[in-house]
Amino acid sequence: MTIDVILGLQWGDEGKGKIVDFLATQYDIVARFQGGPNAGHTLKFDGKKYVLHTVPSGIFRTDLLNLIGNGVVIDPITLVKELENLDKAEVEFRSRLLVAKKAHLILPTHRLLDAANESAKGKEKIGSTLKGIGPTYMDKTGRNGLRVGDTLLPDFMERYNSLKNKHLGLLEALPSIEFDLEGEEQKWFVALDTLRSLKLVDGEYFINKMLAEGKKILAEGAQGSMLDIDYGTYPFVTSSNTVTAGVCSGLGVAPQTIGQVIGITKAYCTRVGSGPFPTELLDETGDFLRNEGAEFGSTTGRPRRCGWIDLPQLKYTIMLNGVTQLAITKIDVLNKFAEIKAAMHYSYDGKVTDELPFDLCGIPLEPVYQDFEGWQQQLEDAKDFEDLPKAAQAYLEALETYLDVPITMVSTGPERESLILKEMMMDLPW
Ligand code: GDP
Ligand code: IMO
Ligand code: MG
């Protein structure tokens, strides 16, 4: 058996939560492999909305296991809030939620460091979600971090205090930030008890056993490929590998276990936080997209920057991820446009190119657009691809031709059932 992967091909918020929740019924396990509570994955069904940050988006489907893999960084406080929301929604999770012991912990001082680091950057700030992601991954690669499994050790408190003191030392050189450290620590330790009471597993053995038993596994990405630490718009990125390669290190599986890679893109493009965004619209069209698409961050509530779809950018992330199928979301957000644009190339340094330059920061990269006819009608009644207005079909077919990957899913609204399966889903387990 192989592991199918769902991940975002842009700068995050492509609608991963919705698609994972939809597909989850076809799998035995959904596993998050990287990122942490910087993620906000929205699910809408039965007239209710849920936002998940750390818990995999398969949790609302009964009989399914959900693993928080070792590549994820966990803030017990955020996790416990999510669990309380699941309790309120009467979703049983204790027998179905597993946590890898090698996942790293976000300490209160990691959040404090995140805020102080951002403050020190001034105008150069990343626009981080301030959830402590960067400092936690820094401690992981710097070999200082604390892992979920460490909380079971008799000397855990010593290790905690030693890391906290290291952080307090670092904070002396940074701008001071208002932060109730004692209060946050109290909450953190209470939440840690709940985390300890969950099913803690050796994630890599667990997932490989499941594979050997023929179980169907779906890996759920967080963020998007343009926020990848290696290939994103560095330094305006997150601190993990958001691309398919991250599945191997983040779950402990070999490359040949990867099956289908489903890349998700919006029918336009958004980004939240600072950094380059070649097709950004700083005019009323951008504002219109933001309003129509309700483009406000699921984690921080910040307005998202909006622009047209960027096909060379998507070609790049399709290449990095080995995408085998595309899911296009939020096509309904374009319903009112008489004309839609897609960037087909870039003009840069007097030349036309389809490749992203080494560094996008400060580079006057001009998108070369093609115009597409809008459809100016609602899509609620479209159940099949053929039910979509001809202009919408033409737009999607042009994307498919340019990107050279089949579009198998088209999302026409935030609700679970607003999804068109375009053609026989290839090689997915049903
Ligand atoms: P994720 O981080 O990739 O899971 O995406 P987010 O949940 O942060 O952001 C996607 C937003 O778009 C959420 O509010 C979803 O409810 C919403 N959404 C998902 N698919 C569609 C769609 O096809 N149409 C519309 N209008 N909204 C959608
Ligand atoms: P999901 O999984 C959109 C962005 C932040 C910031 C940069 C670094 O919901 O798609 P970090 O908190 O990691 O230090 O922030 O990355 N960012 C996201 N943008 N969706 C996300 O997750 C994001 N996670 C981080 O806005 O620009
Ligand atoms: Mg999101």
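## Pockets, cysteines and salt bridges in a predicted model

By class, the residues lining the largest pocket comprise 15 nonpolar, 26 polar and eight charged. Here Ala, Val, Leu, Ile, Met, Phe, Trp, Tyr, Cys and Pro count as nonpolar, Asp, Glu, Lys and Arg as charged, and the others, Gly among them, as polar. The model is predicted: local features need pLDDT of at least 70, side-chain atom pairs count only at pLDDT 80 or more, and totals for chains, interfaces and linings use all residues. Residues are numbered from 1 along each chain as its sequence is written, chains are lettered from A and ligands numbered from 1 in the order in which they are written, and side-chain values use heavy atoms, with hydrogens and water left out.

The largest pocket holds about 1,000 Å³ of space. A pocket is an open set of points, on a 1 Å grid over the protein atoms alone, where a 1.4 Å probe fits, with protein on both sides within 12 Å along at least five of seven lines; lining residues have an atom within 4 Å of a point. A volume is the space filled by probe spheres set on the points, which are joined across faces, edges and corners. Of the 49 lining residues, Asn38, Ile133, Val237, Thr238 and Ser239 lie nearest the centre of the largest pocket. Helix 4 gives the largest share of this lining, seven residues; helices (H or I, at least four residues) and strands (E, at least two) are DSSP runs, numbered from the N terminus.

The second largest pocket has about 610 Å³ of space. Its lining has 27 residues, and Thr42, Gly293, Arg304, Lys330 and Pro414 are the closest to its centre. Strand 3 supplies the largest share of that lining, four residues.

The whole structure contains 24 salt bridges, each a side-chain nitrogen of Lys or Arg within 4 Å of a carboxyl oxygen of Asp or Glu. Three of them are tabulated.

| Salt bridge | N to O distance |
|---|---|
| Lys101 and Asp202 | 3.8 Å |
| Glu185 and Lys164 | 3.2 Å |
| Arg304 and Glu295 | 2.6 Å |

Glu185 and Lys164 are both buried (under 20% relative accessible area; exposed is over 50%, partly exposed in between, with a 1.4 Å probe and protein chains only). Arg304 is buried at 5%, as is Glu295 at 0%. A network of salt bridges links Asp13, Lys266, Glu295, Arg304 and Lys330.

The count of disulfides (cysteine sulfur pairs within 2.5 Å) is zero. The sulfur of Cys269 lies 8.9 Å from the closest cysteine sulfur, in Cys306, and is therefore too far for a bond.
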